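Trainee: Could we go through this model together? I have a few questions.
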Amino acid sequence: MTMGSSLCAGRYRSILVSFSPILLIVILVMFLPPEGKEGAQWVQFIGRFHPLIVHFPIALILLVPVLEVVGRFERFSYLRLSSGFVLGLATMAATVAAFLGWCLAHTGGYSGQLVTQHMWGGVTLTAVCWLCWILRGWIAEPNAEKYYAAGLTVGVLLVSWTGYRGGQISQGEEHFTEYMPSPLRHAIGLPDYKPLAQATADSFYAVRVQAIFTERCVTCHGPKKQKSGLRLDSYGWLMRGGKHGAVLKEGNARGSDLFRRITLSPDQDDFMPKGKKQPVPPDQLKLIELWIGAGASGALPQDAIKNLPAGGSVAAAPIQVSFPEIDRVAVAKAREKIAAAIAQLQDKFPNILDYESRGSADLVLNASLLGTKFGDADLQAFAPVADHITVADFSRTAITDRAAPAIAAMTHLRVLRLAQTKITDRTIKALNACNQLQSLNVYGTGVTAAALPLLEKLPKLEHFYAGQTAITPGISVPQDLTGKLVL
Amino acid sequence: MANSELQVAILQAQTRRHFLRSLGSGMGSLVFGASLANYAAANESQAEKSTLSFARNATTPLSPLPPQFPAKVRRVIYLHMAGAPSQLELYEYKPELKRLDGQDCPASFLAGKRFAFISGVPKLLGSQYPFKQTGQSGQWISDRLPHIAEHIDDICFIKSMRTDQFNHAPAQLLVHTGNPRLGYASFGSWVLYGLGTENQNLPGFIVLLSGGKSPDGGKQLWSSGFLPSVYQGVQCRSHGEPVLYLNNPPRVDRALRRTMLDAIDDIDRQTHAEFGNPETVTRIAQYEMAFRMQMDATDAMDISKEPESVRTKYGCKPAGAEFANNCLVARRLAERGVRFIQLYHWGWDSHGADAKEALNLGFADRCREVDQPTAALLADLKERGLLEDTLVVWGGEFGRTPMRENRNGQEMKYIGRDHNPGAFTIWLAGGGVKHGITHGQTDEMGYEIVQNPVDIRDLHASMLYMLGFDHHKLTYSFQGLEQKLTSVKPARVIGEILA
């Protein structure tokens, strides 16, 4: 209040007084702009207070028009008395915040259009504050009140705009729209919100690429720090990009910002990784380049890219396991045709037949639990679902070679166990059609070495369990079966 | 479930959390007179979308259910070495420790550490037994385990296990229930709850003890905790009656037993109609199972039905609670579709306080007791094609120190090591895991993990994964939480060891 009136007396002096800090900041901003390099400790330390201090002038500047407007009502007229003081405080705070902002921008490793805009917004705002304060002192002059009102309006607009830009710097360019609900997004013409994508567990990305980022990038671009709003600790974050948008262009390594930066010469400003960290070695660069070139997909199988560069550094990658969601509608559809037959069979043979998993229409049959109570005749009942059975265990049941056609009808079998049954080579002969078979168990049966050549017709066979049969260790084994025969 | 039962179940599930939550959202519904059952039913159908249902008919609580994903293994044989066997005498080859044997332990090893018995400055202690490299994978193993060494290419070692418990009972609880405190469901109970069991004439979760004593954690280690009691482990004996009082007493035949059970069933059903307690239905189911077990369990546990050659391979003794006998029983149970077979062998707590606990004496006996049977079990499972969908786990509850124990700061008569929760070794074999590999690494002294630490919950999550589950989805509502085996801390499936 008193401040206002004293300034009113020395109006030209006050212009001079206000001119010097503005001049100082403008000079600093013009001649020592942000360079994107991390700089002097002290300056940066002081600069780090910018985000803290900056909220004072924001609040104070917004308070002034409130005091002025509400103070026009007689009941609150006393409020107008303090508006000059608040404005003065706001001006001082804005000046300090602008100075701190320059400190941070100059030394904190910032650069780019966003920072420049935010900075000039701040500088202009400081100047507008000073102007308003001076006008506040001249309020009795003709037209001064008009200019004063206009100045405050400009100030409020500047606060909003500069604040938004600042938010974009610290929170990412899309910090307002990122989690905006779909209806609102549509209203302002944005596409739907996309949840984070996931790479599959055995994908090229999960097995090979992620390890490189984990080793070299995530200390700054990870869960603890997200420089430039970028995280590289999962496929989803990588594809979401940073505050400047996407860092990858699918299929175009050279056009991808991430690849461009890690392949620059280390003395360039944009080069990554920053500081004293080792550049990404050539074999890993090649790997990333090939992966982006192949479409940068999270589902690309790990062996999809041939002629990879040799390099030990990628072998010991941690392998992430993901859990696919079960698509209930798809499962119900796949099971539709057999569901009635399954229910009937489960009723007749409780506990021995079930789906392989909650998400599948494949079946597991374990008749071994019924022992000799299960025979050739019972097997006929499973004919309607035969081609859905992938695992079948008939160990210790009463089945004989007469079951062979029923077993052969199970063309999708992966695992077949016939241990300790009366089956012979004739059943093995009938298994030609079961070309998905990976594991065949004839432990303790009458199967002989004559069955061995028949197995060559089973392309996927990995294990042939033939202990306690006429097949004994000394026997000559066909080339294809070496390593698969278990005795 | 009948409506009355549903209401009982809902009331049992009500907790302070539910009450507080319903203060906000539930007041309106109470005012409008919506019944509690409707409210809960609505919640349930909503939950159905995101979680898996493990609902079963009340009279067949153990009926099999498919896993969430196609499973790599369909059953587990867990060989727990109670007392914490010394990894430094078995699997951890540390020549540098051997070189420094007898020297004072560096101060950095002791700063900020708590020990059960070590005090003052202990001496470093090199391995008491020679090691050799073996198998195609060229892994190191001590000369105490010559039979297991033959299977080294079937084994996946995790040498970087760690725990946060350094006393036996809580550490064993952590290994078996995912929590060091009492009242939580054991791994076997979770598996039984999630998958049920195929053979309804045998318990789905069987526990066999050897080594002369029960593990320190006691029956809590195979308890069902907050899960319905029907999922708890059933402790069986490997000679005589498998379950005490299972067989009919003299002058009672099977027909008379049936008549008696029918009468009890009648009364139970009346009680159930009157009070609607689901535990009554469980009881009816248990009586029926015991009746069926009279035939099948006695047969499954009877190792005299195995040929002499097989019993010799395992090193079985005619009678007694021997680890060898239990291993052979385990194989017979695996064949018969038992879901979870848990063996405990007691006596590995090698402090060196007496001859039985000495690394150079009692420890060697323990090795002899388990080496041949463990190897025979692996060989037998492999030969019969069972190993491809069985997971075998071998390990204790924590590790042992590279320092020699010096109880009360004095050199002891026998050689022993203190507890080390910071690093220990377990191994896995069978379907689901890579063969002939080692995951994780400790420092040159075998004291601290330097690469790929594995927490118990990571191991549990990985085992559940092999059994076809996402550990987040195998849950049970209790005390306002969706309880799970891996508890609330994030657990990681160890992708590196999966086949």
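Trainee: Happy to start with burial: what percentage of the 499 residues in chain B do buried residues make up?

Mentor: Keep in mind that this is a predicted model. To count as buried, a residue needs 20 or more other C-beta atoms within 10 Å of its own. In chain B, with its 499 residues, the buried share is 49%.

Trainee: Which strand of chain B pairs with β9(B), and in what sense?

Mentor: Let's look at β9(B) itself, residues 399-404: six of its six residues are buried, so the strand is largely enclosed by the rest of the structure. At one end of that range, B:Gly399 stands opposite B:Asn420. The pairing runs over three bridges, and the partner and sense are β10 (residues 417-420) of chain B, antiparallel.

Trainee: Now helix α10 of chain B, please: at which residue does it bend?

Mentor: This helix covers residues 278-301, and the bend is about 55 degrees. The bend sits at B:Met293.

Trainee: And the two chains together: how many residues of chain B are in contact with chain A?

Mentor: On the chain A side, 26 residues take part. Strands β1 (353-355), β5 (439-441) and β6 (463-465) of chain A each supply at least two residues of that side. By class, the chain A side has 12 nonpolar, 10 polar and four charged residues. Across from them, the number of contacting residues in chain B is 23.

Key. Residues numbered from 1 in each chain as written. Chains lettered and ligands numbered in written order. Predicted model: local features only at pLDDT ≥ 70, side-chain atom pairs only at ≥ 80, totals over all residues. Contact = placed C-beta atoms within 7 Å. Helix = DSSP H or I, 4+ residues; strand = E, 2+ residues; numbered from the N terminus. Nonpolar A, V, L, I, M, F, W, Y, C, P; charged D, E, K, R; others polar. Buried ≥ 20, exposed ≤ 12 C-beta atoms within 10 Å, placed from the backbone. Pairing = 2+ DSSP bridges. Bend = angle between axes of the 7 residues up to and from the residue.
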